[in-house]
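Visitor: Could you show me how to read a few features of a protein model?
Guide: Gladly; here it is.

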Amino acid sequence: MAARPQPTARRIGLGHELRQLRKEAGLTIAQAVDGLSVDESTLQRVETGWKSFRQAGHLRELLERYGITDDDQMDRLVALQREASSREWWSDGSTNMLSGMPRFLGIEAAAREIRAFHPTVVPGLLQAELYARAVHELHKLIDETTSEFMEQSVRLRMKRKEALTREDDPVKLWVVLNEPALRYPVGSADVMREQYDELGKLAALENVTIQVLPQGERGYVAFHDVNIMILGDGLPTTIQSDTAMRTVAVTDKPREVGRFSRMFDVMASNALPPRDTPKILNQLAREITE
């Protein structure tokens, strides 16, 4: 099977290498770009993985500034730049995404392990299609979104789920489900039953761990979603959280990553063991009424 293209991960990896080379050369960003074809803002965004150079020549002249003379190292970084400039699988222009969503999707696609929690609904990677559509319907009037946007978003969410079931290195997912979120009626009883069934199927996968945080459990519960994406290969662990202004915020700042990690760890320690999850889902399916 062909390797999965991961342009965002390539950009992050290239940026880390360039930042290290600049520091080894003893240069500030301003000194690094002095007299070159790129400005400080561009180099800063390249180093943080937000963008790639438009031309390989810009990268080559920067590497020369850093004292890189080895042809193999130069060619490897230029090849990485080329891969970083390719289009992501969702970049077909058909989806009007929320601000910050493309970067989040790129990091999620590169993640080797994801840990997630949401206080009020089932997290997106675990949602069945009808449940996902019902969630969007609930927000449609408030957010003033179109039916086309909703359908595109649902299709995108279903595509993202394929990372859990692909044969080639499926992503590891560890989710803490809040019991009130499981009981929150999204759509009809049939929609909820299908969602419980989907959770049961996913929980049976070796790469998926699902725990339930019991309702009424004393202890810490996050008031917002928690999404931790562990990339590996020396790339920084990154966290994501939606904002009040309907944007998607991602950061790899160690302080915030540490905070989110502690939040998740506390809730996971208070949650029931994964072996109890199928029993809880079956009970919920029996209790649901029209």
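This is a predicted model: local features need pLDDT of at least 70, side-chain atom pairs count only at pLDDT 80 or more; totals for chains, interfaces and linings use all residues.

Guide: Residues are numbered from 1 along each chain as its sequence is written, and side-chain values use heavy atoms, with hydrogens and water left out.

Visitor: Which residues touch the most other members of the largest nonpolar core?
Guide: In soluble globular proteins, nonpolar side chains tend to be buried together. A nonpolar core is a set of buried Ala, Val, Leu, Ile, Met, Phe, Trp, Tyr and Cys residues joined through side-chain atoms within 4.5 Å; buried means under 20% relative accessible area, exposed over 50%, partly exposed in between (1.4 Å probe, protein chains only). Here the largest core has 45 residues, and Leu 126, Tyr 131, Leu 173, Leu 177, Leu 182 and Leu 199 touch the most other members. Helix 10 (residues 189-203) gives the most to this core, 6 residues. Helices (H or I, at least four residues) and strands (E, at least two) are DSSP runs, numbered from the N terminus. Another core, of 21 residues, lies apart from it and includes Ala 32 and Met 74.

Visitor: What is the phi of Asp 169?
Guide: Most residues other than glycine have a negative phi. Asp 169, not a glycine, has a positive phi of about 50°. Asp 169 sits in the loop between helix 8 (147-165) and strand 2 (172-178).

Visitor: Where is Asp 252?
Guide: Asp 252 is in the loop between strand 6 (248-251) and helix 11 (254-270). Its relative accessible area is 33%, so Asp 252 is partly exposed.
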